[in-house]
Amino acid sequence: MARYSDKQFAAYGLDPAAAAAIREQFADWHQEAHRTVGRDRCCEEAHL
Ligand SMILES: [Zn+2]
């Protein structure tokens with residue numbers, strides 16, 4: 001999810017501030033995933 005650019009978010013009608021908030025939301029979810037399923041089993045793309 002982190003690879004989505006502002007332009008891609010804009011395509012959904014989101015301004016950069018809203019896009020940043022969503023990225024933050026996904027980051028929170030990602031940290032939660034590390035706690036629940038473990039880092040080894042979470043999406044590897046997010047660790048690039
Ligand atoms: Zn992860």
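I'll start with Arg35, which forms a salt bridge with Glu32, their closest N and O atoms being 2.5 Å apart. By salt bridge I mean a side-chain nitrogen of Lys or Arg within 4 Å of a carboxyl oxygen of Asp or Glu. This is a predicted model, where local features need pLDDT of at least 70 and side-chain atom pairs count only at pLDDT 80 or more, while totals for chains, interfaces and linings use all residues. Residues are numbered from 1 along each chain as its sequence is written, and side-chain values use heavy atoms, with hydrogens and water left out.

Back to the pair. Arg35 and Glu32 both sit in helix α2, 3 residues apart, about one turn of the helix. Helices here are DSSP runs of H or I, at least four residues, and strands are runs of E, at least two, numbered from the N terminus. Arg35 counts as exposed, at 59% relative accessibility, and Glu32 as partly exposed, at 36%. The cut-offs are under 20% relative accessible area for buried, over 50% for exposed, and partly exposed in between, with a 1.4 Å probe and protein chains only.

The structure holds 2 salt bridges. In the other, the side chains of Arg23 and Asp6 meet at 2.9 Å, N to O. This pair links distant parts of the chain, 17 residues apart: Arg23 is in helix α2 (residues 16-36) and Asp6 in helix α1 (residues 6-11). Arg23 is partly exposed at 27% relative accessibility, as is Asp6 at 36%.

Now the whole chain. The protein chain has 2 helices and 0 strands. Of its 48 residues, 12% count as buried.
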